[in-house]
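These are notes for a colleague who is new to this structure.

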Amino acid sequence: MRKKIKRYMMNCMAGRTDEIVNDMAANNKAFRKITDKIILISDIIENMLPPEYRKLFEELEDLKGNREVITYKKLYWKALKDGIKISNIFHRLK
């Protein structure tokens with residue numbers, strides 16, 4: 001039962017993390033502006049590379065993306081745990 005609850009929480013966390021990032025991408029002007037600049041610079045660098053190095057550059061981009069996913073999930077999980085702890089503290093103070 002405990003594994004099912006943990007799996008459920010992990011699925012909820014992953015979904016919520018995606019929602020937060022998608023909302024930021026859609027509604028945060030600074031985030032969009034920086035993202036557009038990153039894409040522009042990355043494209044310029046990739047196009048300047050000799051063909052034999054482009055695959056390496058693509059692998060680097062994939063690794064950075066995977067690292068971001070891990071970071072987002074860890075941050076959300078930590079924030080969720082901290083929120084529960086704070087809620088418990090306030091509940092005890094009533």
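1. A crossing is called right-handed if the near helix is turned clockwise from the far one, and left-handed if the near helix is turned anticlockwise from the far one by less than a right angle. By that rule, H2 and H3 make a right-handed crossing. The model is a predicted one.

2. Helix H2 covers residues 29-48, and its axis comes within 9 Å of that of H3, with a crossing angle of roughly 155°. Angles over 145 degrees count as roughly antiparallel, so H2 is roughly antiparallel to H3.

3. Which residues join H2 to H3? On the H2 side they are Ser42, Ile45, Glu46 and Asn47, and on the H3 side Arg54, Phe57, Glu58 and Glu61. Sorted by class, this contact holds four charged residues, two polar and two nonpolar.

4. Helix H1 (residues 2-27) also packs on helix H3 (residues 51-93). The angle here is about 110°, and the two axes lie 9 Å apart. Since angles of 65 to 115 degrees count as roughly perpendicular, H1 and H3 are therefore roughly perpendicular to each other. H1 passes H3 in a right-handed crossing.

5. From H1, the residues in contact with H3 are Met9, Met10, Met13, Ala14, Arg16, Thr17, Ile20 and Val21. Their partners in H3 are Tyr72, Lys73, Tyr76, Trp77 and Leu80. By class, the contact of H1 with H3 comprises 10 nonpolar residues, two charged and one polar.

6. To sum up, H3 is roughly perpendicular to H1 and roughly antiparallel to H2. The H1 contact has 10 nonpolar residues, while the H2 contact has two nonpolar and four charged residues.

Notes: Residues numbered from 1 in each chain as written. Predicted model: local features only at pLDDT ≥ 70, side-chain atom pairs only at ≥ 80, totals over all residues. Heavy atoms only, no water. Axes fitted to C-alpha atoms, helices over the stretch in contact; angles between N-to-C directions. Helix = DSSP H or I, 4+ residues; strand = E, 2+ residues; numbered from the N terminus. Parallel < 35°, antiparallel > 145°, perpendicular 65-115°, else oblique. Contact = heavy atoms within 4.5 Å. Nonpolar A, V, L, I, M, F, W, Y, C, P; charged D, E, K, R; others polar.
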